[in-house]
Amino acid sequence: GRPRKRDAGAPHLARPSFDRWTAAHVTLRVLPHLHSLRGCKTFRAIHRALCRGNLREDFRLVQYSVQATHFHLIVEASSSQSLTRAIQGLAIRLARSVNRVFRRSGRLFRDRYCARLIRGARDARDTLRYVLNNARRHVPSSWRNQTRWTDPCSSAPWFRSWVIPNH
């Protein structure tokens, strides 16, 4: 058989299929030797690619977060096949944009994308909180406790349903 990869990334398991509008949390990981995706010039190119990749009738990019080495996306698709095709197209668009900024060519993503279907309202809330607040795990500790800080490299600044707890 084929030799095993050292760092296989996303497992090659069958993804769950669906045939009606369903939400999913998608993670795309980039190759380890690249620069951070959160630089100003890089993020502008990524933001344009995400906006252009959201122009399909059978797919919607609902929320996103760009980290230094990976992307978190909350998407909706009309079927499992439309999700696959849309993520493949979005990955190509992102790779071309990032490669243009970094003046490089070739692969950008490590392996397959990882997708997890969102089941129910509580799961949707938790996934939304995870994606939009993911940068808090990676920023300096002095920023973490600020209640009004939003990640500029995500869709959090446009998210209108924030609830700030009373102290």
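**View 1. Thr22 and its bridge partner in a predicted model.** In this predicted model, start by finding Thr22, whose bridge partner in β3 is Ala77. Now follow the two strands: β1 covers residues 22-29 and β3 covers residues 70-77. They run antiparallel, and eight bridges join them.

**View 2. The open sheet of four strands.** Let us step back to the sheet as a whole. In what order do the four strands lie? Reading across the open sheet, you meet β2, then β3, then β1 and then β4, with antiparallel pairing. The edge strands are β2 (59-66) and β4 (114-117), and each of these pairs on one side only. On average, neighbouring strands of the sheet are turned by 20 degrees against each other, direction ignored.

**View 3. Two helices that meet the sheet.** Look for helix α1, made of residues 40-52, which packs on the sheet. Helix α1 touches β2 and β3, and its direction makes about 165 degrees with that of β2. Helix α2, residues 80-102, lies across β1, β2 and β3. With β3, helix α2 makes an angle of about 145 degrees.

**View 4. The crossing of α1 and α2.** Here you can look at the two helices together. Their axes come within 9 Å and cross at roughly 155 degrees. Angles over 145 degrees count as roughly antiparallel, so α1 is roughly antiparallel to α2. Is the crossing left-handed or right-handed? The crossing of α1 and α2 is right-handed.

**View 5. The residues between the helices.** Which residues of α1 meet α2? They are Lys41, Thr42, Ala45, Ile46, Ala49, Leu50 and Arg52. On the α2 side, you will find Leu90, Arg93, Leu94, Ser97, Val98, Val101 and Phe102. Sorted by type, the residues of this contact are nine nonpolar, two polar and three charged.

**View 6. A salt bridge between Arg38 and Asp151.** Side chains of opposite charge can pair when their charged atoms come close. The structure holds five salt bridges, and one of them joins the side chains of Arg38 and Asp151, at 2.7 Å from N to O. Arg38 sits in the loop between β1 and α1, while Asp151 is in the segment after α4 (141-144), so this pair ties together parts that are 113 residues apart in sequence.

Definitions and conventions: Residues are numbered from 1 along each chain as its sequence is written. This is a predicted model: local features need pLDDT of at least 70, side-chain atom pairs count only at pLDDT 80 or more; totals for chains, interfaces and linings use all residues. Side-chain values use heavy atoms; hydrogens and water are left out. Two strands pair if DSSP finds at least two bridges between them. Axes are lines fitted to C-alpha atoms, for helices over the stretch in contact, and angles run from 0 to 180 degrees between N-to-C directions. Contact means heavy atoms within 4.5 Å. Angles under 35 degrees count as roughly parallel, over 145 as roughly antiparallel, 65 to 115 as roughly perpendicular and the rest as oblique. A crossing is left-handed if the near helix is turned anticlockwise from the far one by less than a right angle, and right-handed if clockwise. Ala, Val, Leu, Ile, Met, Phe, Trp, Tyr, Cys and Pro count as nonpolar, Asp, Glu, Lys and Arg as charged, and the others, Gly among them, as polar. A salt bridge is a side-chain nitrogen of Lys or Arg within 4 Å of a carboxyl oxygen of Asp or Glu.
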